[in-house]
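Please consult the sequence and the structure as shown here.

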Amino acid sequence: MNEQKETNDMKNILVTGCNGQLGNEMQLLATGYPEFNYFFTDVKELDITDENAVKSFVKTNGIDCVVNCAAYTAVDKAEADEAFCNILNHIAPGYLAKAVHEQGGCMIQVSTDYVFDGTTHIPYREEEPTCPATVYGRTKLAGEEAVMRNCPESVIIRTAWLYSTFGNNFVKTMLRLGREKESLGVIFDQIGTPTYARDLAVAIFAVLTQDFVPGIYHFSNEGAISWYDFTKAIHRIAGITTCKVRPLHTEEYPAPAARPHYSVLDKTKIKETYHIDIPYWEDSLAECIQKLEQN
């Protein structure tokens, strides 16, 4: 009888986009938080662009909190695919927020540094004016607004330069190219901070397990670096010495979507509110590369 009561008292957590970088890290860490009952879904289990399906799933399973890790993240492709990008990054999060709010629940929405245009040289705080310069950034900002409008009990976490042992990402690409090529050009005049998806997942669990304080937060690893210096560190840690990495200006590597020249995020708010100790980017990079080499 007690076991049944305990089960009924468990919070039901829906994690969307479970096959992505962050979603996979959430699944790995979930075993360390047995106080929650999890529903890990991707598009096959739940199409978040279907409002009726979302409403039904959330209601049927008594979802208490939605962690939305699903997103359209192909930044360049989004410039020519605005309609679908908008549905996945803007409309669908609104559906999730509305559905969980109707159940009296809360939501954690993952957003991006691309809501800023990257023209400053001081780390961005949460309250600073947004000014997205890309389809991806505009749709993610619209998604933030839809979530907060439909579910005021929401936490928005903006992050940047995400990588992990899962899926395709910059770290894996640079490891592969470093081993395949004798030389490689990488942009040096865009500054930001890499984010190990596992560290972001740890931060999300910190939000879930403490007093829920709605609002917008920034999270990335500590420090600031260029893509060029990031690549040099990737190769150094992996022991790649046969590839010469040369610095490129942004204009030497044209892309459909504009990149922020400076998108370092100020993490003071999330550190103070949720008592999070954020690792330095290079320490987390070393941890990720070690795991990749063990696989």
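## The two faces of helix H11

Exposed residues Asp283 and Gln294 lie on the face of H11 turned away from its buried side; exposed means over 50% relative accessible area and buried under 20%, with a 1.4 Å probe and protein chains only. The buried residues of H11 are Trp281, Ser284, Leu285, Cys288, Ile289 and Leu292. Viewed down the helix axis, these fall within an arc of 135 degrees, so they line one face; the arc is taken from the directions from the axis to the C-beta atoms. An α-helix has 3.6 residues a turn, so residues three or four places apart point the same way.

The model is predicted, with pLDDT of at least 70 required for local features and 80 or more for side-chain atom pairs, while totals for chains, interfaces and linings use all residues. Residues are numbered from 1 along each chain as its sequence is written, and side-chain values use heavy atoms, without hydrogens and water.

## Surroundings of H11

The buried residues of H11 pack against several elements, including helix H7 (170-180), helix H8 (197-209) and helix H9 (227-238). Helices here are DSSP runs (H or I) of at least four residues, numbered from the N terminus.

The axes of H7 and H11 come within 11 Å and cross at roughly 65 degrees; axes are lines fitted to C-alpha atoms over the stretch in contact, with angles from 0 to 180 degrees between N-to-C directions. Val171, Lys172, Leu175 and Arg179 of H7 make the contact with Leu285, Ile289, Leu292 and Glu293 of H11, where contact means heavy atoms within 4.5 Å.

## Packing of H3 and H5

Helix H3 (residues 51-60) packs on helix H5 (residues 82-102) at about 30 degrees, with the axes 9 Å apart. The two are therefore roughly parallel, a term for angles under 35 degrees.

Technical notes. Parallel < 35°, antiparallel > 145°, perpendicular 65-115°, else oblique.
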